[in-house]
Amino acid sequence: MLQTMRNSAQGIIAKVIVFFIILVFALWGVEGIVNIGSGETPVAEVGGVEILEPDIQRLIEQQKANLRRQFGEQFDENLFNDQLLRESALDQLIQQRVDAVQADRFGLYASTSVVDQAIVNIPAFQLDGRFNKEQFLSVLRMNGWTPLTFRASLGEDLKVNQAQQALTMTSIPTPYQTRLSAMLNGELRTVSYVEIRAQDLMDDIELSDEDVQTYYDDNSSRFQSPEQARVRYVGFDRAALAAAEEVSEDEIKAAYDDYLNELSAKEQRSSRHILVEVSDERSSEEALAKANELKAELDAGADFAELAQTSSDDIASGSSGGDLGYISHGTFVPEFETALFAMQQGDISEPVKTEFGYHIIQLLDVKASESDTFEQQHDELAEYIRNEKAGLRIAEQTQELSNLAFSSDSVDEIAAVLGLTVQESGLFTRDFGEGLAANDAVRQQAFAENLLLDRELSELVETEQGVYVFAVSEHEEPRTLPLEIVRQQVENLLKRDRASELADTIAAQIAAGEQESDAWTSVEVTYDQTTDLPREAQSRAFALQQGVVAVVDVQGGAAVVRVDDIQVDDLADLTVSAEEKGLLENRAARANIASYRKWAQDNIEIKRPGA
């Protein structure tokens with residue numbers, strides 16, 4: 001066989017193949033061979049337009065960024081299920097593609113000038129009310145866009161908006177529709193009702209042992225213990241590592257200096273200034289000369305605010321006596337700030353040169369945070385340094401722990417290599433645990449099939465306490481709890497069910513006139529008005545004719561409703577306010593958009609091969 005292969009390798013076809021492989025290696029490297037024919041599989045396809053995994057991941061990151069901005073320091077990524085975010089992102093992208101494909105079918109487009117104007121008018125890209133290119137690029141970078149991809153996306157949005165505006169701007173109700181809507185909304189009904197609450201009947205329900213046993217047997221799946229697991233784990237605990245770290249006095253002193261510098265950076269200073277501008281009409285020497293003249297006037301007792309109003313070239317602050325308000329580090333140009341933060345309260349500076357000209361600065365007030373003494377901060381800074389060192393130790397050890405988790409068969413093997421102690425958690429469920437199992441990622445992995453059935457080690461899990469690898473040491477399937485343990489729960493459920501049935505029976509008897517009730521209540525109500533009448537009963541009352549009685553299931557029991565009177569304004573006499581008409585137009589527009597989107601989805605092929 002080997003000789004046959006050698007002979008075949010001498011042919012012209014084999015030589016062409018070898019040449020092709022050499023060419024691919026030369027141009028693209030080994031990835032060129034590996035990736036031939038292995039294009040990325042689309043997660044979904046809408047009308048021939050593909051949705052790829054990077055599209056979904058970019059939108060997920062945007063969603064998380066929005067959540068971080070919304071919740072600030074309270075944001076916890078573990079609280080947001082990645083699968084739910086992924087499904088939400090995919091559904092959103094599919095809807096966007098449907099809207100875009102349908103807009104293309106309508107022949108809509110957004111010209112380059114329209115896109116440019118839209119970009120210029122977006123507030124996020126503006127500084128001081130005007131478009132700023134650097135701001136534009138900065139915002140795009142933060143959100144993972146390039147100018148070209150953003151322009152393409154914005155153009156697509158503008159096309160989609162054209163299609164939707166065609167619907168919303170033509171959602172104009174007729175005068176008859178507006179009057180009819182006003183008539184229905186203003187319809188006033190007098191409704192009498194009796195509410196029978198199941199809770200009020202539970203004390204009258206008597207149960208036998210046979211009743212309880214039968215209910216328990218028929219509903220055994222409702223009385224099961226939750227699925228539970230226990231894990232053995234090994235890893236690096238941040239608190240333990242921090243406690244073992246040594247901290248020198250020099251390190252604490254350096255940290256205290258950083259603490260003082262941080263407080264200084266937060267210091268705010270109130271000041272006013274007079275600007276003598278350097279311009280085409282005034283040289284730097286002339287500006288300095290004038291600034292020195294103004295400084296001489298101030299030294300002679302001139303009022304700073306009055307002089308700023310008459311002589312400062314900074315029009316914005318000059319009208320208010322040169323007042324600049326409170327500023328912190330990083331607000332103004334370095335030369336100005338260096339002079340300002342070197343001054344004592346009440347001082348007036350010599351002329352300070354900046355790119356704008358010469359400034360004369362007066363320091364009015366200083367707002368500085370009070371600093372603790374070295375002794376007061378000593379222990380807190382030492383603890384901070386220990387935690388920082390522990391964090392570095394964990395970062396150094398994480399890769400080794402991850403490698404061992406991949407290659408080892410047990411946590412005991414990892415512990416032996418790293419000189420660590422294996423620990424064990426308590427039992428926990430899919431939804432709740434303590435200690436290590438309080439982490440959502442730990443609970444998700446612990447109940448995965450590869451850990452439960454194949455007894456594999458977990459992936460590396462990082463928590464606030466440290467980094468760990470674990471294996472399931474005990475697993476309990478859900479099991480039916482003995483009756484003696486859940487008897488009270490069984491009796492409560494059975495009583496509730498029977499009380500609900502009894503409430504329905506009593507309501508039916510009252511409605512049929514077979515039983516009297518002295519608990520009738522009468523209310524006058526419109527359809528949208530809020531009263532003590534249960535909402536389910538109120539909705540049903542507006543579907544009944546006058547004099548008709550009906551039984552309605554309501555939350556916690558049943559109700560009997562009777563319509564005693566119906567008052568309706570004459571349609572011809574009704575006038576509709578502009579506000580009511582606007583609400584009706586908005587309602588019609590939303591309905592039209594929803595209908596349009598449903599129609600578009602039904603008429604565009606949507607595939608989800610990779611979802």
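Accessible areas here come from the Shrake-Rupley method with a 1.4 Å probe, and for residues only the protein chains shown count as cover. This is a predicted model, in which local features need pLDDT of at least 70 and side-chain atom pairs count only at pLDDT 80 or more, while totals for chains, interfaces and linings use all residues. Residues are numbered from 1 along each chain as its sequence is written, and side-chain values use heavy atoms, with hydrogens and water left out.

Start with the whole protein chain. Its accessible surface is about 37,300 Å², and carbon and sulfur atoms hold 49% of that. The C-alpha trace spans about 105 × 95 × 75 Å along its principal axes.

Next, colour by secondary structure. The protein chain has 23 helices and 17 strands, taken as DSSP runs (helices H or I, at least four residues; strands E, at least two) and numbered from the N terminus.

Now select the aromatic rings. The whole structure has 12 aromatic pairs, meaning rings of Phe, Tyr and Trp (its six-membered ring) with centres within 6.5 Å; planes under 30 degrees apart count as stacked, over 60 as edge-to-face and the rest as tilted.

Zoom to Tyr 256 and Phe 374. Their ring centres lie 5.5 Å apart with planes at 90 degrees, so the pair is edge-to-face. Tyr 256 sits in helix 12 (residues 249-266) and Phe 374 in helix 17 (residues 374-407), so the pair ties together parts 118 residues apart in sequence. Tyr 256 is buried at 13% relative accessible area, and Phe 374 is buried at 18%.

Finally, select Phe 125, Phe 131, Phe 136 and Phe 150, which form one aromatic cluster.

Notes
Buried means under 20% relative accessible area, exposed over 50%, partly exposed in between (1.4 Å probe, protein chains only).
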